[in-house]
Each structure stands twice: as C-alpha cells, then as structure tokens.
Amino acid sequence: MTEPVINVSDLTRRFGARTALASVSLSLPRGAVYGLVGANGAGKTTLIKHILGLLRAESGSVRVFGLDPVADPVGVLSRIGYLSEENDLPGWMRVDELIRYSRAFYPAWDDAYAEELRQTFALDPAAKIKTLSKGQKARAGLLIALAYRPELLVLDEPSSGLDPIVRRDILGAVIRTIADEGRTVLFSSHLLEEVEQVADHVTMISQGKIALSAPLDIIKESHRCLTVRFAEARPQPAAVAGVLRWEGAGHEWTAVVRGDSGALRAAVAGWGARIIAERVPSLDEIFVAHVGAPADS
Amino acid sequence: MRSPAAAIAWEFRRRHRWGLIALAAYLLVLATIKLLIVHPGRSVDFDDESFALVVVVPLTATFIYFLAVFSFGLSGDLAARQSMYPARMFTLPLTTAALAGWPMLYGTAAMAILWLATRFLAVWPSDVDVPMIWPALLAASLLAWTQALTWMAYPMPGLRVIVTVLWLSVIDAVILLALRYKAPESLMLAILAPHVPLAYLAARVAVARARRGVVPDWQGIFARLGRIPDVPRRRERFSSPARAQAWLEWRRHGRSLPALVAILLPFELALLFVFRETPVIVFEILAGVLLTPPFMAAFGAATVSKSNPHGSDSYGLTPFIATRPLTSASLIAAKLKATIRSTLAAWMLVLVAIPIALKLTGTFPLVIEWTHDLIEAVGTPRAIVIVLLGFSALVASTWKQLVQSLFIGLSGREWVVRASVFVALSVLSIIVPLAHWVSGNRFLMGALWNALPWIAAVLVCFKLSAAVWVAMRLRDSGLLSDRTILLGAACWDVVVFALYGLLVWLAPALLFRGYVLALVAILAVPLARLSAAPLALAWNRHR
C-alpha cells in the first residue's frame with residue numbers, strides 16, 4: 001500500500017480559549033480529489049495551514065509526503081501547489097515577473113504549460129497584479145500553483161467571491177490535475193455543489209471536529225431524504241433513530257436519514273402519517289443535517 | 001453613542017485608555033506635588049536634572065504619543081504611499097469635513113490641555129518665565145500639521161517621513177528664531193494662529209483625495225528609468241530560488257533607502273552654496289550629509305523588518321511568502337543581501353554627490369586643507385586608516401540600522417513590536433536625563449570613566465550569552481547547520497579581531513587599555529540580534 005500524501009493524526013489546536021481543531025485525524029491517499037467542507041470558522045483553513053507548515057502542531061502530528069512540513073518546509077512546499085483564499089500575490093509585480101519569480105523555486109516548472117495557462121486565462125504579461133480584477137488575480141495565483149504540476153494541489157476556498165467563469169476555470173484546473181495520474185487535490189470550500197462536482201472524497205468539519213469523512217458515493221448512498229405528510233400539523237416531529245434532521249412545517253416534514261431508514265418508516269406508520277417522497281439528498285442537505293447549519297452560514 | 005462626533009471620540013478614548021490613564025496618573029502626581037507637598041505660591045529652585053526627569057521627559061513622551069494617536073499613526077504604515085487615515089472610516093455617512101475635523105479638533109484640544117495642565121501643575125524652576133498661550137498653540141499646530149501630512153497620499157514610499165519632518169522642523173525653526181529675537185507674545189500668536197486652520201484645509205483635501213482613492217505614483221518613472229539597462233536581463237531566468245527571493249526583497253524594500261537619500265541630498269548639499277564662506281558650517285553640512293544614510297536607514301528599517309508589507313494592520317507573514325519552498329534562513333539571507341545592496345546604493349549616491357557639490361561650490365580646497373591637517377597630526381598611514389575606518393563605520397552603521405531590528409518585526413507578534421517600542425522609549429527617558437545629570441558632575445564622570453570597562457564587560461557577557469542561546473536554538477530547531485553556525489562564528493571572530501587590531505594601532509595606549517578596545521570591538525560587530533532573525537521568522541512562519 002502506498003504512503004498517504006497527507007497524514008494528520010490526533011491534531012489539536014487552540015487559539016486562546018477557543019479550540020480550532022480537536023483531535024483531528026485524517027489520511028489522504030494519493031490520486032484523488034478531497035473536498036474539505038465546513039462552515040466559516042469550522043477549522044478548514046486551520047487544518048490546511050497545518051498541512052502547509054504555517055501552523056505548528058500543538059499536539060498530534062502532521063505528515064505530508066511522510067515529512068514534517070515545519071521541520072522540512074523546502075521538502076514539502078516544493079511539491080505542493082497552493083492557492084490561498086487571501087490572494088496575497090505581490091501587487092507591485094507584473095504577471096511576467098510573477099511567472100519568472102515563481103519558476104525559480106520549482107525545478108519541474110513547465111514553461112509551455114505556464115504559457116498555455118496564461119493564454120487560456122487571458123493574462124496580460126505586462127499587467128501589474130494590483131491592476132488585475134479579483135478573478136484575474138485568482139487566475140494568476142492558479143497559474144503559478146499549477147505550472148509545475150505539483151504532486152499535491154491545495155486550494156483554500158479558491159472560488160470564494162468569484163464569478164461563475166473564474167469558478168469554472170478553477171474547477172477545470174482541478175479536473176486537469178486529476179487527469180495527471182497520481183496527483184492529489186485538497187479542495188476546501190463551502191460551495192458544496194462545486195465540491196460535489198469534482199470531489200471523490202468528502203470530509204465535513206464542524207467546530208474543529210471531523211463530522212463525516214468518506215467517499216462521496218458512499219456518503220450519498222448512505223443518506224436518504226424522506227418527505228412525510230402528517231394528518232395533523234406538527235410543530236416538530238419526534239426524534240427517531242437514524243434521522244439527522246427534520247425540516248419543514250405544518251403537515252409536511254422532510255427527514256434526512258443516515259443508514260437504514262427502517263426505524264423512520266416504522267415510526268411514520270405508528271403516527272398514522274405517510275411517506276410521500278423519497279430521494280437521494282444533495283451534499284448540501286447532508287452537510288446541514290450533520291453540522292446543523294447551512295454550509296455558508 | 002449620541003452622534004458621530006461622540007463615536008469618534010469614544011474610539012480614541014477606548015483604544016488608548018491605558019495611555020490616557022497613565023497620563024492622568026502623571027498629572028495627578030504633579031498636582032499633588034504642586035498643591036500639597038510644595039507650598040502654593042512658593043518659588044522652588046529645582047535643579048535642571050530633576051526638572052528634566054519629572055517634567056520634560058514625560059511631557060515630550062506624551063507629546064509624541066499624542067502625535068501618533070491622533071494621526072492614526074499607531075495602526076498605519078508610515079513609509080507607505082497611501083494615506084494613513086483609516087480606510088474603514090471612508091464609508092461612514094459623514095462629510096469629509098467631519099472626518100478631518102473631529103480628529104483634528106480632539107487632537108489639538110488634547111495638546112492644548114496637555115500644555116495648560118503641565119503649565120499649571122508642573123513645579124517650574126523659579127527663574128523660568130513660562131508663557132501660557134503660545135506654547136499651547138504651537139503644540140496644537142504641530143499636531144494639526146502632523147495629521148494633515150500623514151493623512152496625505154504620497155507619490156513615493158517614505159516621502160511622508162521626509163515631508164513631515166522637514167515641515168515640522170521649519171515651524172520649529174521659525175519659532176526658535178522668533179524666540180531668539182525676543183518676539184512678544186502677540187507676535188508669537190500672530191505667527192502661530194493661522195497654522196491650525198491651514199492644516200485643517202490641507203487635511204480636508206488629503207482626506208477627500210484618499211476617500212476617492214487618489215494615490216499619486218512616481219514609482220513608474222523610477223521603474224522606467226531603472227528598466228533601460230535592464231531589458232535583456234529581465235527575461236533571463238533566476239539561477240536559483242535564493243536569487244529570485246533576493247530580487248523580490250530588493251524590489252520590495254531595497255530601493256527605499258537610496259530613494260530617500262537621493263531626495264534629501266540635493267537639499268542638504270544646496271546649503272553649501274549658502275554657507276561656503278564659513279568653514280565650520282561647511283564641515284557641519286558635510287557631517288550631516290554623511291550621517292544621512294544611517295539616519296534614514298533607521299526609518300527604512302521599519303519597512304524592511306515588517307513581515308507583511310501589504311497589510312498595514314498585520315504583522316504576520318503573507319501565505320505567498322510563507323509558502324515559498326525556502327528555509328527561513330534562506331528567506332533571511334535574501335533580506336540581508338537586499339539590505340547590503342540598498343546600503344551600497346545609498347552610499348554610492350553620497351560618494352558621487354559630495355565631490356560634485358564640493359566642486360560646484362568651490363569648497364574642495366577646504367576639504368583638502370582638513371585632510372592635510374589630519375595627515376600632519378597623525379601621519380599618512382594613520383590618516384588613511386582613520387578615514388577608511390570612519391567611512392566603513394558609517395556604511396556598516398547604515399546596514400546595521402536596517403537589520404538590527406529584523407528579529408522584532410519578523411516575529412510577527414504585535415505585542416513584541418509594541419513592547420520593544422515601549423522599552424526603547426522607557427530606556428531613552430531614563431538615559432537622557434541620567435546622562436545629563438552625570439555630565440554635569442565631575443565626580444560621577446570620573447567614576448563612570450573608571451567603571452566603563454566593567455559596564456562594557458557586563459554588556460559583552462549579555463551579548464555573548466544571548467548569542468550562545470540563539471546559536472543553540474538555531475541548531476536545535478535545524479534552521480542552520482552546525483557548519484553554517486561555525487562558519488558564521490568564525491567570520492564574526494575575524495571581523496572582531498581585525499577591528500581590534502585597527503583600534504589598538506590607532507588609539508593611544510595610555511588612553512585605552514587593550515582589553516577595553518577588545519570589549520569595544522566585540523560590542524561593535526553585530527551578532528546576537530542579527531542571528532536571532534531566522535528564529536524570529538520561523539516563529540512567525542510556523543505559528
């Protein structure tokens with residue numbers, strides 16, 4: 001069995017009195033797209049910063065390619081492509097200077113691929129970064145994160161606040177990276193429909209803890225959405241084993257169920273109600289059911 | 001909050017409550033001394049030192065503190081081109097007149113009250129006739145102009161510092177001139193009265209332009225000038241990551257110091273045309289010119305050591321820099337290379353400008369005469385060594401100014417930066433009156449002279465202990481290899497021995513013992529603080 005690209009073991013991190021990560025363990029094997037989803041402040045960026053070595057593990061351990069990213073930043077960072085949510089590219093640099101500067105750090109930099117990306121993204125080489133729009137800045141950041149075909153691509157909320165065209169570019173880049181065999185993508189977002197489009201594996205994080213981590217197919221298979229119609233209006237249906245969340249009002253309520261829905265079906269029969277619809281829930285619904293709040297709250 | 005004016009006042013009060021509490025406590029102590037301990041109306045013969053310690057130093061510190069508070073200088077980047085007025089306030093539903101006016105009103109009122117309180121509460125020496133109104137107006141004017149000039153956007157980084165210092169110096173010079181010619185209070189008031197309204201108008205224009213996002217830019221002109229010989233090289237690849245990083249550091253910080261020096265030099269050297277007939281002033285002007293690079297480097301150091309130049313409120317490292325696949329030591333090495341280039345560029349300007357100015361003003365013969373005098377006094381070899389050593393000391397001092405506070409700024413912790421400023425100000429407020437006190441006492445001067453070797457020895461012990469601790473931490477954290485640490489230590493030893501040899505050769509043996517010169521050499525060559533820079537950066541980078 002190949003060594004996992006990222007191995008996080010029992011990682012805990014506190015900022016003052018607040019626990020940002022609580023005993024998080026995660027192992028990401030090579031060659032897949034991992035979606036890291038969670039509400040704002042759930043701990044996604046904190047986890048990514050530990051993976052990049054920007055935060056030191058207070059307890060537990062973080063290994064990337066089998067290396068400690070704090071002890072060996074060169075060994076780890078030279079194999080990672082990173083696009084930050086902050087988009088902090090130096091504003092005074094021109095696009096061609098940014099490319100020239102960045103290529104010095106990566107022996108595997110592919111000039112032809114970089115030029116192809118530049119043309120695809122319509123980036124003017126003479127334009128200063130500070131004069132670019134937010135979307136163009138994201139594209140420039142993506143270019144320098146992809147041009148050396150990194151073994152691990154880390155995208156921290158890459159499409160936050162961007163228009164659909166730039167988001168499509170980013171998703172396209174993720175798909176192209178997957179096409180390169182053996183490469184891995186870690187993709188943090190609270191836009192769950194995007195994660196659903198590209199991720200093989202989803203990790204849901206809530207209040208510093210991993211709420212759910214499994215392949216997307218299995219997550220979808222193991223959850224059901226059942227709409228129940230009651231004879232009389234109810235303020236809130238009773239709790240039933242397996243039901244993660246009830247949503248609705250009056251006569252009609254929808255339950256998100258994890259695993260076997262037998263207990264709910266029996267309860268529905270007992271209440272004299274009937275199931276009027278059943279379907280596979282969206283990732284957004286599953287997320288809300290698990291963490292109890294909308295993903296972008 | 002009943003009104004926007006009250007909200008702005010509340011923000012000043014809330015944010016600086018500890019400073020204001022300290023000030024109130026100080027004024028309370030003064031009031032207690034004045035009203036209870038010293039009999040009211042009785043004249044007191046305070047000696048200069050006590051007066052400096054009790055009144056002048058805290059008052060000056062508070063004055064500077066108020067300048068920083070009311071110009072929003074504590075949360076902005078003094079060297080940046082952008083206005084220091086907080087951008088978050090531009091979206092408030094207030095007129096530009098109110099945005100400029102309320103902070104100025106609060107600031108000028110605070111300055112005036114500070115003076116009046118000190119005037120009435122301080123125990124002035126009996127022979128000092130202290131005026132009441134015009135110093136309050138002067139303090140208010142200086143604050144108002146500081147606000148206007150710091151809220152203005154500038155076409156070049158660092159220009160704000162130069163313009164502000166020059167303009168405040170001009171106001172000071174005018175007042176000193178008026179005092180020298182014993183101008184009556186009415187004239188002083190007439191000189192000072194227009195300042196606050198004028199500064200308000202300037203501040204209003206500055207805030208209005210900043211609100212519209214107007215930032216003039218001369219960097220394009222300099223960039224175009226610098227690009228001419230650079231065209232073929234620009235397309236070349238960097239041969240290593242270290243070179244790429246050094247290029248980034250040079251582009252980010254390296255050009256500030258030469259630019260600042262280039263702006264100041266013409267003004268300073270132009271004085272040679274005015275005073276070319278007065279050798280003493282020519283000497284003073286040249287000394288001032290030679291001290292310009294180290295002086296301006298002290299300002300430039302703030303930007304070099306700032307870990308995040310893009311966010312004026314942020315001390316942390318940007319992810320873009322933090323995720324460079326370079327060791328923290330390599331990131332520091334790039335900074336050091338850029339500061340060396342910056343220092344050399346600044347001094348090249350000085351070395352080119354001085355002979356041209358001497359030639360144009362006809363003051364070259366004066367300098368040749370002084371050189372002959374020096375040769376006659378100490379002999380040719382010693383004269384050469386003294387000049388070279390003095391020049392090297394100035395160049396080294398410029399570089400030292402740029403790098404000695406790296407470890408503070410790169411730590412990325414606001415509390416470290418603020419604590420270092422507080423400690424520096426506290427030490428200064430003790431040292432200055434202490435030095436003044438000692439210099440006036442022959443017995444103490446003698447005792448201090450005798451104790452100098454011991455003081456130097458204690459400082460050397462501190463320095464070497466700190467250096468050993470830093471070296472051990474560098475080794476344990478794997479930031480530097482054993483070989484690099486040993487090589488660095490060996491280089492430092494060589495420089496110290498070379499300096500010691502020169503000092504022994506130059507200094508009269510009767511005046512300084514050999515071991516004193518050795519201690520001086522050890523203290524003069526940077527070691528502990530410089531070595532701590534990679535540790536500070538790693539602490540910031542891997543939080």
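This section describes the chains, domains, contacts and cores of a predicted model.

The C-alpha trace of chain A in this predicted model extends over about 70 × 40 × 40 Å along its principal axes. Ten helices and twelve strands make up the secondary structure of chain A. Of the 297 residues in chain A, 42% are buried.

Two domains are assigned in chain A, with domain 1 covering residues 6–219 and domain 2 covering residues 222–291. The centres of these two domains of chain A, taken over C-alpha atoms, lie 36 Å apart. Contact between them involves 13 residues of domain 1 of chain A and eight residues of domain 2 of chain A. On the domain 1 side, two or more residues each are contributed by helix H7 (192–198), strand E8 (201–206), strand E9 (209–215) and helix H8 (216–221) of chain A. H7(A) provides the largest share of that side, namely four residues. In terms of residue class, the side of domain 1 of chain A that touches domain 2 of chain A comprises ten nonpolar, one polar and two charged residues.

The largest nonpolar core contains 90 residues, and Leu98(A), Val154(A) and Phe187(A) have the most contacts inside it. Helix H5 (residues 134–146) of chain A supplies the largest share of this core, with seven residues. When neighbours within four places in sequence are left aside, the contacts of Val154(A) are with Ile48(A), Ile51(A), Leu52(A), Ile80(A), Tyr82(A) and Leu186(A). Another core, of 88 residues, lies apart from the largest one and includes Tyr85(B), Leu402(B), Phe407(B) and Leu519(B).

For chain B, the domain assignment gives domain 1 (4–219), domain 2 (240–403) and domain 3 (433–543). The centres of domain 1 of chain B and domain 3 of chain B, taken over C-alpha atoms, are separated by 38 Å.

The two chains also meet each other, with 23 residues of chain B in contact with 24 residues of chain A. On the chain B side, helix H11 (241–254) and helix H14 (319–322) each supply at least two residues. H11(B) gives the most to this side, with six residues. The side of chain B that touches chain A consists of ten nonpolar, seven polar and six charged residues.

Helix H15 of chain B runs over residues 328–361. After H15(B) comes Gly362(B), which has a positive phi near 70 degrees.

A further helix of chain B, H6 (residues 159–180), contains Val163(B). Val163(B) counts as partly exposed because it has 15 C-beta neighbours inside 10 Å, whereas a buried residue would require 20 or more and an exposed one 12 or fewer. Val163(B) and Leu121(B) are 42 residues apart in sequence, and their C-alpha atoms are 35 Å apart in space.

Technical notes: Residues are numbered from 1 along each chain as its sequence is written. Chains are lettered from A and ligands numbered from 1 in the order in which they are written. This is a predicted model: local features need pLDDT of at least 70, side-chain atom pairs count only at pLDDT 80 or more; totals for chains, interfaces and linings use all residues. The expected span of a helix is 1.5 Å times one less than its number of residues. Domain bounds come from an automatic or database domain assignment. Two residues are in contact if their C-beta atoms, placed from the backbone, lie within 7 Å. Ala, Val, Leu, Ile, Met, Phe, Trp, Tyr, Cys and Pro count as nonpolar, Asp, Glu, Lys and Arg as charged, and the others, Gly among them, as polar. A nonpolar core is a set of buried Ala, Val, Leu, Ile, Met, Phe, Trp, Tyr and Cys residues joined through C-beta atoms within 7 Å.
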